[in-house]
Amino acid sequence: MGSEALRMDAFVEGGGIRRGVEVRATAEALLCDDVCLPYGDVIWLSRRAGMLLVFADRLTLAIRGSARGLERLYEDLADRIDLAELRRRIVRQLGHEVVLFTAGCAASGTIDGRSVGGLYVAAATRRALYLLNGDRLWSLAWPARAARRRPARSAERGDGESDYLVLSRGDTSLTIRYLFPEELGAVLFAASREPPQDGRGGPLELFSRKEVSPPPPAGLPEFSLAAGSLQEVAERAAANVPGDLQSRSLLPPFFFQTHFLELGETALGPLLLRKSAASTADSLHRAVEAMNAGGLQADTRAAVATAADRLLAVYQEELERLLALKRVRVRSEREFAVSAEEREQLGVRMQAPFERLWFRFEDLGAQEAELLHRLAELDEGPPDQDDGQMREAAQTWRATMNRLDRGFEGAWRELVEEIEKTWSTRLLPRLAEASSAERRRVPEWVQLTVLGAVTLLLAAIFVVFIL
């Protein structure tokens with residue numbers, strides 16, 4: 001099964017430029033218009049700014065397109081081609097020299113008086129610069145004069161081309177394009193020095209991938225848990241609350257839809273915030289840090305505890321409102337209050353779905369650590385280092401993130417069921433009972449005492465009036 005077809009511009013060496021052709025990575029070959037390039041023929045892939053260079057035994061392609069499209073095509077090809085093995089072949093071909101970098105480039109000019117032109121795999125070592133393409137192999141031994149230049153700005157385009165490199169020595173004059181700045185710097189450094197004669201000279205420091213390549217993108221899966229799904233679950237749970245108890249408690253319409261949604265946003269706030277930060281992260285490394293499993297677990301526990309406190313606070317507010325409306329004595333409020341033991345049990349029940357969730361995902365922290373290790377290892381490695389292990393770790397982590405998201409949605413459903421049950425079986429019956437409580441009457445002996453006092457007072461007034 002192949003990948004999705006992309007519309008791109010392609011330059012087929014020896015065949016010119018083709019605009020808007022269909023490019024697709026199938027299971028066995030790269031298809032570019034009518035060109036079929038089997039993966040077994042590929043000798044190197046090189047991702048350059050705005051371009052992907054594909055080198056094969058008898059054919060070279062330069063494919064231009066959007067950054068996203070090129071990245072997707074490169075990932076599809078990297079999944080089907082063993083890049084580490086391709087690099088080992090090049091190193092073996094160079095006699096196991098210390099390779100500073102391997103990159104696709106365009107070269108033109110002369111080497112030892114012979115004309116050179118086209119797309120090549122450039123391999124810079126401590127001894128020379130090698131240009132490979134199929135059965136063609138050119139080399140320029142050090143030292144050589146090197147100049148890094150930038151063309152003048154184009155009046156029509158209003159921008160400048162990338163830096164290019166000029167190498168010269170005797171009847172050699174070579175211009176090389178598409179190298180990254182750090183790769184240019186490596187050539188400038190190596191070209192100015194005599195190579196070691198005994199092969200035991202100190203190796204030149206390799207330029208790391210992070211210095212010449214953008215960091216791997218976050219590439220997070222599309223999560224399912226969002227504000228819409230929270231509201232849907234809240235509305236369904238609210239419909240299960242007994243209507244007679246709700247009306248007897250004098251609660252307003254849609255009280256529970258709003259209340260349940262508020263508790264859901266409180267309990268799941270850490271996940272929603274971290275997902276938002278991860279989805280806008282400019283790299284996979286920052287996305288992993290944003291979704292930190294340890295921090296998410298601690299924040300979720302605190303958020304669920306806050307939701308439990310808020311539930312009881314809302315009940316207390318409704319109880320006070322109801323008692324004030326009925327003009328029932330304050331002593332009755334204590335009769336309907338939630339005890340400390342009940343508070344503790346409610347907190348445990350509300351935390352339970354999430355505790356079960358974290359038990360299922362207890363290895364998430366180890367997956368994060370492994371992925372961050374692979375990312376750091378890739379950053380510090382050479383630009384053309386195989387990233388297969390990092391991709392595998394990233395794929396595992398992304399899949400776990402997707403399952404965790406669905407797990408949070410399931411935990412939220414269990415949580416709202418517990419909240420609905422707490423109201424229906426424990427809190428609403430108390431409010432209904434409070435609403436039916438009558439105002440306490442004054443004891444009869446007090447009434448008689450007051451009546452007697454009033455009677456005596458009236459009699460005294462009458463006697464005074466007669467006299």
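Modeller: A polar contact is a pair of N or O atoms within 3.5 Å, where, within protein, one must be able to donate a hydrogen and the other to accept it. Please keep in mind that this is a predicted model.

Colleague: What makes the pair N133 and E13 a polar contact?

Modeller: The side chains of N133 and E13 are joined at 3.3 Å, and the cut-off is 3.5 Å, so the pair counts as a polar contact.

Colleague: Why is N133 called buried?

Modeller: Buried means under 20% relative accessible area; N133 has 5% relative accessibility, and therefore counts as buried. This residue belongs to strand β10, residues 128–133, and, leaving aside residues up to four places away in sequence, N133 touches E13, F55, A56, T60, L119 and Y120.

Colleague: How do you know that β1 and β2 pair?

Modeller: Pairing requires at least two bridges, and six bridges join β1 (residues 6–12) to β2 (residues 16–25), the two running antiparallel. As one example of a bridge partner, R7 has E22 in β2.

Colleague: Why are β4 and β5 said to stand at the edges?

Modeller: The open sheet has seven strands, ordered β4-β3-β2-β1-β7-β6-β5, with antiparallel pairing. β4 (35–38) and β5 (42–48) each have a single partner strand, so one side of each is left without a neighbour in the sheet. From one strand to the next, the twist averages 30°.

Colleague: Which helix lies across β5, and at what angle?

Modeller: Helix α1, residues 67–80, runs at about 155° to β5, and also lies across β1, β2, β3, β6 and β7.

How values were computed: Residues are numbered from 1 along each chain as its sequence is written. This is a predicted model: local features need pLDDT of at least 70, side-chain atom pairs count only at pLDDT 80 or more; totals for chains, interfaces and linings use all residues. Side-chain values use heavy atoms; hydrogens and water are left out. Helices (H or I, at least four residues) and strands (E, at least two) are DSSP runs, numbered from the N terminus. Axes are lines fitted to C-alpha atoms, for helices over the stretch in contact, and angles run from 0 to 180 degrees between N-to-C directions. Contact means heavy atoms within 4.5 Å. Buried means under 20% relative accessible area, exposed over 50%, partly exposed in between (1.4 Å probe, protein chains only).
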